Amino acid sequence: MSSTVPAVRRKRPAKPQFTQTILVLEAFVVLFATLVVHGLRTYPTGPVWAVGGGLVVLLLVASGWVGRPGGYVVGWVLQGWLLAASLLAPAGARDLTVITVVVFVALWAVALRLGGRIDRERAEYDAAHPADAAP
């Protein structure tokens with residue numbers, strides 16, 4: 001007679017999970033901001049979609065790179081590019097755009113910090129409680 005122990009799923013690391021979420025949310029916000037700038041017709045259509053669409057694609061691709069070597073650096077570079085792009089927004093929308101980007105940069109920094117802390121605490125707990133660890 002064998003006893004069946006429920007399988008414990010290995011937890012995904014928090015840091016990549018948090019940072020991926022931030023990058024994907026940023027991609028949606030950039031997409032909607034690009035639609036707004038396109039609708040305002042203050043810039044030619046080609047450059048608006050080249051910058052906005054390019055940033056959306058880069059953010060989505062970078063969300064898959066986090067957790068790999070250099071992935072978080074790419075995320076920081078994209079945060080800088082987003083700030084630069086927000087400064088190019090039309091005058092009426094520039095303040096709100098810059099504030100939104102600053103909020104996302106802060107969320108990115110918090111995701112890196114808290115995600116790393118959660119992963120360290122999980123590792124410490126697993127080391128202290130080997131019987132509770134997943135097989």
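Trp76 is partly exposed, with a relative accessible area of 42%. That value, like the others I will give, is computed from a predicted model. A residue counts as buried under 20% and as exposed over 50%, so 42% puts Trp76 in between.

Now its partner. Is Trp108 buried or exposed? Trp108 has a relative accessibility of 0%, so Trp108 counts as buried.

The structure holds one aromatic pair, and Trp76 and Trp108 form it. A pair of aromatic rings is described by the distance of the centres and the angle of the planes. Here the centres are 6.3 Å apart and the planes stand at 90 degrees. The cut-off for edge-to-face is over 60 degrees, so this pair is edge-to-face. Trp76 lies in helix H3 and Trp108 in helix H4, so the pair ties together parts that are 32 residues apart in sequence.

Next, the core. Trp108 also belongs to the largest nonpolar core, which has 17 residues. Trp108 is one of the members that touch the most other members, along with Leu23, Val30, Leu59 and Leu82. Which helices supply this core with at least two residues each? They are H1, residues 14-40, H2, residues 45-65, H3, residues 71-87, and H4, residues 91-128. H4 gives the most, with five residues.

Take Leu59 as an example. Leaving aside residues up to four places away in sequence, Leu59 touches Leu23, Glu26, Ala27, Val30, Leu78 and Leu82. Among these, Leu23, Val30 and Leu82 are on the list of core members with the most contacts to other members.

Now to the empty space. Rolling a probe the size of a water molecule over the atoms shows where empty space is left. The largest pocket has a volume of about 650 Å³. It is lined by 26 residues, and the closest to the pocket centre are Ala33, Val37, Ala85, Ala89 and Thr97. H1, H2, H3 and H4 each give two or more residues to the lining. The largest share, eight residues, comes from H1. What kinds of residue make up the lining? There are 20 nonpolar residues, five polar and one charged.

Last, the segment after H4, where Ala131 is placed. Ala131 has a relative accessibility of 75%, so Ala131 counts as exposed. Ala131 and Glu121 are ten residues apart in sequence, and their C-alpha atoms are 17 Å apart in space.

Technical notes: Residues numbered from 1 in each chain as written. Predicted model: local features only at pLDDT ≥ 70, side-chain atom pairs only at ≥ 80, totals over all residues. Heavy atoms only, no water. Core = buried A, V, L, I, M, F, W, Y, C linked by side-chain atoms within 4.5 Å. Buried < 20%, exposed > 50% of the residue type's maximum accessible area, 1.4 Å probe, protein only. Helix = DSSP H or I, 4+ residues; strand = E, 2+ residues; numbered from the N terminus. Contact = heavy atoms within 4.5 Å. 1 Å grid on protein atoms, 1.4 Å probe; cavity = no way out; pocket = protein on both sides within 12 Å on 5 of 7 lines; lining within 4 Å. Points joined across faces, edges and corners; volume = space filled by probe spheres on them. Nonpolar A, V, L, I, M, F, W, Y, C, P; charged D, E, K, R; others polar. Phe/Tyr/Trp six-rings, centres within 6.5 Å; stacked < 30°, edge-to-face > 60°.
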